[in-house]
Structure formats: structure tokens, C-alpha cells
Amino acid sequence: MIKHIVVFRLKDFAQGATKAENAIKIKNMLDELPALINVIRKFETGIDLLRSDRSFDLGLIAEFDNLDDLNTYAVHPEHLRVVDFIK
């Protein structure tokens, strides 16, 4: 099993929305991925609640059976759509 852990720091304002609005939008986009990409075994996302200076705004933990599945996920068009929005 492979665990893929990612944390994000978002800009205060981007794409015409606040950081909080974008965190919700990104979380929702990410939460759609397991239904669209069959190599994902487990997927959790979360938005920061503490809001400390050290906190990240959003995080995800994904599990895959093997490295090949992680690589398949990495280049999947639905994943890349979310990546493009985050960038």
C-alpha cells in the first residue's frame, strides 16, 4: 500500500474567491475523485480548523495499492483538472 499525503497553503484571494471559499471548492473537487478514478483505495480531505500561523489550509491523504496506481492517478485527466484549478 502507498499513502500519498499533500497539504496546501492557499492564497488569501484567488479566482474571485476568498481562501475559505476556495478551500471548500477544492475539497469538494478532490472529494469527487474517488468516484472518477478507480485506482484510489481510500481518500480523505480536510480543511484547517485551527487557523494558526503554522497551519496549512487544506490536506488530503490518499491510499493506493502500489506505485503504478499512484502514477496512474497523478496523470489522470480528472486529477489534472483539480491540479490546474489549485495552481
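1. Let's begin with Ser-55, which is buried, with a relative accessible area of 15%; buried means under 20% relative accessible area and exposed over 50%, with partly exposed in between (1.4 Å probe, protein chains only). This is a predicted model, in which local features need pLDDT of at least 70 and side-chain atom pairs count only at pLDDT 80 or more, while totals for chains, interfaces and linings use all residues. Residues are numbered from 1 along each chain as its sequence is written, and side-chain values use heavy atoms, with hydrogens and water left out.

2. Where does Ser-55 sit? You will find Ser-55 in the loop between β4 and β5; helices (H or I, at least four residues) and strands (E, at least two) are DSSP runs, numbered from the N terminus. Its side chain makes a polar contact with the side chain of Ser-52 (2.9 Å). A polar contact here is a pair of N or O atoms within 3.5 Å; within protein, one must be able to donate a hydrogen and the other to accept it, and residues adjacent in sequence count only if both atoms are side-chain atoms. Neighbours within four places in sequence aside, Ser-55 is in contact (heavy atoms within 4.5 Å) with Arg-9, Asp-48 and Leu-50.

3. Now to the largest nonpolar core, which has 19 residues. Such a core is a set of buried Ala, Val, Leu, Ile, Met, Phe, Trp, Tyr and Cys residues joined through side-chain atoms within 4.5 Å. Leu-30, Leu-33, Ile-40, Phe-43, Phe-64 and Tyr-73 have the most contacts inside this core. Two or more residues each come from α1 (19-36), β4 (40-47), β5 (58-64), α2 (67-75) and α3 (77-86). The largest share, 5 residues, is from α1.

4. Helix α2 is worth a visit. Its buried residues are Asp-69, Leu-70 and Tyr-73. Seen down the axis of α2, they fall within an arc of 100°, so they line one face of the helix; the arc is that of the directions from the helix axis to the C-beta atoms. These buried residues pack against β1 (2-8), α1, β4, β5 and α3. Asp-68 and Val-75 are exposed on the face turned away from the buried side.

5. Residues up to four places away in sequence not counted, Tyr-73 touches His-4, Leu-33, Ile-37, Val-39, Ile-40, Phe-43, Phe-64 and His-79. Tyr-73, Ala-74 and Val-75 in α2 meet Pro-77, His-79 and Leu-80 in α3.
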